[in-house]
Amino acid sequence: MLAAARRAAARYEHGKVVEGTITTCDSWNCEVDRIAFLHEFYGSLAEEMEGDAVAQVCQSFDVPFLDVRIISNSILLNQDPWDLGTGPVCQEYVLSLLRAYWQDVR
C-alpha cells in the first residue's frame, strides 16, 4: 500500500504529498499545546480522529492499514478556514492510489 501511495504521489498535482506519522484518537483535539506535544513526542505531521476506529479494527484482524489525509485547515496556522475543495482532490488521490495498488495485487 505504501509503495502504491508513493507512486500515486508522484502524479499528484494539487499540492504536496508528504509521508509521515499521523496521530489519531477517539476525540476531537483542538488544544494547541496538545498538538505541539504530539508533534514533538511522536513526530506527527498531522492529527485527526477518523482513522482511530479503522486502525483499531485493522489491528484486531491483522489487516494492513494506511491512513491518507489531506489538510483542509490548521488550528496552528491562524485557524485557517476550512477549504471545501480539499475533499474532491483527496478522493482523486485515493483513487489513484487504489489503481496503483490494484496493479500490484493482480
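The talk below sets computed values against the definitions behind them.

Author: A word on the source: this is a predicted model, in which local features need pLDDT of at least 70, side-chain atom pairs count only at pLDDT 80 or more, and totals for chains, interfaces and linings use all residues. Residues are numbered from 1 along each chain as its sequence is written, and side-chain values use heavy atoms, with hydrogens and water left out.

Reader: Thanks! What is the secondary structure of the protein, and what counts as a helix or a strand?
Author: Helices (H or I, at least four residues) and strands (E, at least two) are DSSP runs, numbered from the N terminus. The protein comes to four helices and two strands, in the order α-β-α-β-α-α along the sequence. Its C-alpha atoms fill a box of roughly 45 × 35 × 20 Å along the principal axes.

Reader: Why is Thr23 called buried?
Author: Buried means under 20% relative accessible area, exposed over 50%, and partly exposed in between (1.4 Å probe, protein chains only). Thr23 has a relative accessible area of 11%, so Thr23 is buried. Thr23 sits in strand β1 (residues 21-24). Across the protein, buried residues make up 22% of the 106 residues.

Reader: Which residues is Thr23 in contact with, leaving aside its neighbours within four places in sequence?
Author: Contact means heavy atoms within 4.5 Å. With those neighbours set aside, Thr23 touches Leu38, Tyr42, Ser44, Ala46, Glu47 and Glu48. Ala46 belongs to strand β2 (residues 44-48) and, at a relative accessible area of 18%, is therefore buried too. Leaving aside neighbours within four places, Ala46 is in contact with Thr21, Ile22, Thr23 and Ile71.

Reader: How much of the contacts in the protein with a separation of 6 or more comes from residues 24 or more positions apart?
Author: Such residues account for 58% of those contacts.

Reader: What makes Phe37 and Phe41 a stacked pair?
Author: Rings of Phe, Tyr and Trp (its six-membered ring) pair if their centres lie within 6.5 Å; planes under 30 degrees apart count as stacked, over 60 as edge-to-face and the rest as tilted. By this rule the count comes to four aromatic pairs. Phe37 and Phe41 are 5.3 Å apart centre to centre with 15° between the planes, and the pair is stacked. Both lie in helix α2 (residues 32-42), four residues apart, about one turn of the helix. As a general point, an α-helix has 3.6 residues a turn, so residues three or four places apart point the same way.

Reader: Why do you say the buried residues of α4 line one face?
Author: In α4, Thr86, Val89, Cys90, Tyr93, Ser96, Leu97 and Ala100 are buried. Seen down the axis, they fall within an arc of 125°, so they line one face of the helix; the arc is that of the directions from the helix axis to the C-beta atoms. The face turned away from that buried side carries the exposed residues Gln91, Arg99 and Trp102.

Reader: What do the buried residues of α4 pack against?
Author: They pack against α1. In helix α1 (residues 2-10), the buried residues are Ala4, Ala5 and Ala8. They cover an arc of only 100° around the axis, which puts them on the same side of α1.
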